[in-house]
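Okay, everyone, thanks for coming. Let me put the structure up, and then I'll walk you through a few spots.

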Amino acid sequence: MRVAILGCGYVGCELGRQLTERGHDAIGVRRSDDGIARIDDAGFDAVRADVTDAAALEAVPSVDAIVFAASSGGRGADAAREIYVEGLRTAIEAFGERDDPPQRLVYTSSTGVHGDHDGDWVDEETPIEPTTEKTEVLAEAERIALEQPPEYGFDGTVARYAGLYGPDRYRLERYLEGPVTEGYLNMVHRDDAAGAVRFLLEEDLARDEVVQVVDDEPVSKWEFADWLADEAGVEQPPKRTKAERLEDDDLSEAAQRRILTSKRCSNEQLRDLGYEFAYPTFREGYRDAIAAYEGV
């Protein structure tokens, strides 16, 4: 396959590495010098282009598949809309109007679109209930990813990521030092976030579908923090209830909503499709980080 990874960042570079290792052609697309350098370092082709600029995307060669993995960089809802909605529309149209359009699109979304379920399990059949402006934007982008590609003769897939972690994103100190607010963590290691998309492309699965990309074991934040502390050989961190955390005066409305949001995300569909996780749970995924922490 030849695959264009639009917004080729943290997960995108790993996806490009995995595709290249398996004999496919990967093309990473970024607009910044730093982004281009990271793709070069990862060992596959880079093209400088802005996903919101149809003319700039002409520099990207024709491909079999597009992976839209662009990020708004943690900015607000307006920036998210520019990238996830307008950028996604622009990319679909730019590639779809070619004489040789791609065969499929994979859009990387977030389990944040589920909103709050009071700790209950959610899967691909659970109606989404975004609770912030940004997650409303992500929900709109999911609809675009599934509905717009067929207008150009190809299929869309939504890969809905849980919280990403991995090299440079372990954030051990956050949990080891605390205080840790109660709630659930739904996580997926970077290598599996990339691996799941690579698997769906290679096996030609989940066209016109949503697939949740999350590991086997959503975990209580308190349990996770205590496990990390025990493994690292340090004292277990202080804890806070949600009510205690919400008493802080510096919380924005969006932060309050995040604290109140609780769910456990199922990966049963991805497992049923046949994907095998490199890091099935946080226990395997954090081993290297703990070893490095102990070695400091």
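So, look at the ring of Tyr10: the charged end of Arg169 sits over that ring, 4.0 Å from its centre. By "sits over" I mean that NZ of Lys or CZ of Arg is within 6 Å of the ring centre and within 35 degrees of the ring normal. Arg190 has its charged end over the ring of Tyr10 too, 5.6 Å from the centre.

Quick word on what you're seeing. It's a predicted model, where local features need pLDDT of at least 70 and side-chain atom pairs count only at pLDDT 80 or more, while totals for chains, interfaces and linings use all residues. Residues are numbered from 1 along each chain as its sequence is written, and side-chain values use heavy atoms, with hydrogens and water left out.

Now, rings with rings. Rings of Phe, Tyr and Trp (its six-membered ring) pair if their centres lie within 6.5 Å; planes under 30 degrees apart are stacked, over 60 edge-to-face, and the rest tilted. That rule gives 10 aromatic pairs. One of them is Tyr165 with Tyr286, a stacked pair at 4.7 Å centre to centre with 15° between the planes. Tyr165 is in strand S8 and Tyr286 in the loop between helices H12 and H13, 121 residues apart. Helices (H or I, at least four residues) and strands (E, at least two) are DSSP runs, numbered from the N terminus.

Are those two buried or exposed? Buried means under 20% relative accessible area, exposed over 50%, and partly exposed in between, with a 1.4 Å probe and protein chains only. Tyr165 comes out at 2%, so that's buried, and Tyr286 is buried as well, at 2%. Ring pairs also join Tyr165 and Tyr286 into a cluster with Tyr170, Tyr175, Phe224, Trp227 and Phe282.

Next up, helix H2, residues 33-42. Its buried residues are Gly35, Ile36, Ile39 and Ala42. Seen down the axis of H2, they fall within an arc of 120°, so they line one face of the helix; that arc is taken from the directions from the helix axis to the C-beta atoms. What do they pack against? Helix H1, strand S2 and strand S3, with contact meaning heavy atoms within 4.5 Å. On the face turned away from the buried side you'll find exposed Asp33 and Asp41. Just after H2, Gly43 takes a positive phi of about 95°.

Last stop: Arg264, in strand S15. Arg264 is partly exposed, at 22% relative accessibility.
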